[in-house]
Amino acid sequence: MDQDLASRQEARELGRRAEEAQKTLRTFSQEKLDAIVQAVSRAFLASAGELGRMACEETGFGNPQDKEIKNRFAAERVWEAIRDQRTVGILREDPAQKVWDVGVPVGVIAAIVPSTNPTSTVCYKAMIALKAGCAIVFSPHPAAAKCTRRSVEIVAQAAEAAGCPRGAVSCLQTPTMEAVDELMKCPPVRLILATGGPGMVKAAYSSGKPALGVGPGNTPAVIDDSADILLAVSSVIHSKTFDNGMICASEQSVVVLDSIYDRVKAEFIKRGCYVLNGEEIDKVRATILINGALNAKIVGQSAHTIAALAGVDVPESTKILIGEVTSTDLSEAFAHEKLSPVLAMYRASDFTDAMNKADTLVKDGGYGHTASVYLDTVSGKEKLDAFAEKMKACRILVNTPSSHGGIGDLYNFKLAPSLT
């Protein structure tokens, strides 16, 4: 039997087992589901460091310390946020209108896991699925299959020890494209949670099943002339260097008003970033994209490593490579999502010009994702309102590092924590 056929059969079998487990899981009370999710939270928290190291070693992306932080965030902050939510049974009664809201599990969920966040995504999706009384089958990225399978194993063992039926949490062992396709289309699956590249998200939306797709971002950060420059630059660096720029909410470009451009640039340099010169920009530009697609060799690497790949000599301590560019068109490599500590820097004549550039960058590859702005929220209230109206993004962050602000519950506790 060839691998493709075997992987398809495995997907069907895991779907069947999940369907059987779902019959039991759907009968569980809110209290029993909560006990299961709490057990998952505790087990994943205890393994956060191990899984962070595994992910870094297997993929070569990012760094283990920051991956551990993401694992801990998924295990702790998400559980704290959803702990008291009611998801099954009678959720609300309105005697006056004679309406009850009743929570019912949607059924078996297929979960696609990316190589960029191969462990924390497992914890997040498992916890929200089990909280709602749903079985879940994971499909790992081939480049991160080992650490994802280990993450699912930890979740499944903890859940089953707390009373979850066997088969309610499982993972494809042979993650071929054929297996993923079979999993998404198999009858027991009722919903798809797809996190990954645009091709994978499109496949999920084309499966004929309800799907929640989380694709690429291309976050622009506008720095207005009313902004606190030290805060803005420090926040961008803090965000862009976290896990070597792996979080898709991280800033991909900064758009700076002309009147403060030189001061912002000087602050980036002062804080250890390297502004590329003309020849160096061309070398890095040629390294960002290969045949029109993001070069996998730069993803999650340090600024020094990426510079060396491009043949550019920078200090080993360099935090971010900055390319001063003018075009926001997709023909400009710096205008793309880079998933690394490489940042485009644009000059804007005024705030309207800055918004237009940011709007184009979102359109280039980040519709529905994240946008960021730094300004004085009192004197710049009209600008902020205009920015909020202009940006076609799910989360618009103000005076906040976008990697950390985008996942919620850190800089603004009213933003629900989410790793998708």
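Colleague: What does I192 touch, leaving out residues up to four places away in sequence?
Modeller: Keep in mind that this is a predicted model. With those sequence neighbours left out, I192 is in contact with A110, I112, M184, A204, S207, K209, P210, A211 and L212.
Colleague: And which residues have the most contacts inside the largest nonpolar core?
Modeller: I192 is one of them, along with L130, F138 and V169, and that core has 66 residues.
Colleague: Which helix gives the most to it?
Modeller: Helix α5, residues 120-131, which puts in seven residues. Another core lies apart from this one; it has 58 residues, including I320, L321, A348 and L375.
Colleague: OK, new topic: helices. At what angle do α3 and α4 pack?
Modeller: About 130 degrees, with the axes 8 Å apart. Here α3 is residues 48-59 and α4 is residues 64-82. Angles over 145 degrees would count as roughly antiparallel and 65 to 115 as roughly perpendicular, so these two are oblique to each other. The crossing is right-handed.
Colleague: Which residues make that contact?
Modeller: From α3 it's A48, G49, L51, G52, R53, A55 and C56, and from α4 it's P64, K67, E68, N71 and R72. By class, that's five nonpolar, three polar and four charged.
Colleague: What about α9 and α10, how do they cross?
Modeller: Their axes come within 10 Å and cross at roughly 45 degrees, which makes α9 oblique to α10. This crossing is right-handed.
Colleague: How many polar residues are in the contact of α9 with α10?
Modeller: None; there are seven nonpolar and two charged residues.

Key. Residues numbered from 1 in each chain as written. Predicted model: local features only at pLDDT ≥ 70, side-chain atom pairs only at ≥ 80, totals over all residues. Heavy atoms only, no water. Core = buried A, V, L, I, M, F, W, Y, C linked by side-chain atoms within 4.5 Å. Buried < 20%, exposed > 50% of the residue type's maximum accessible area, 1.4 Å probe, protein only. Helix = DSSP H or I, 4+ residues; strand = E, 2+ residues; numbered from the N terminus. Contact = heavy atoms within 4.5 Å. Axes fitted to C-alpha atoms, helices over the stretch in contact; angles between N-to-C directions. Parallel < 35°, antiparallel > 145°, perpendicular 65-115°, else oblique. Left-handed = near helix turned anticlockwise from the far one by under 90°. Nonpolar A, V, L, I, M, F, W, Y, C, P; charged D, E, K, R; others polar.
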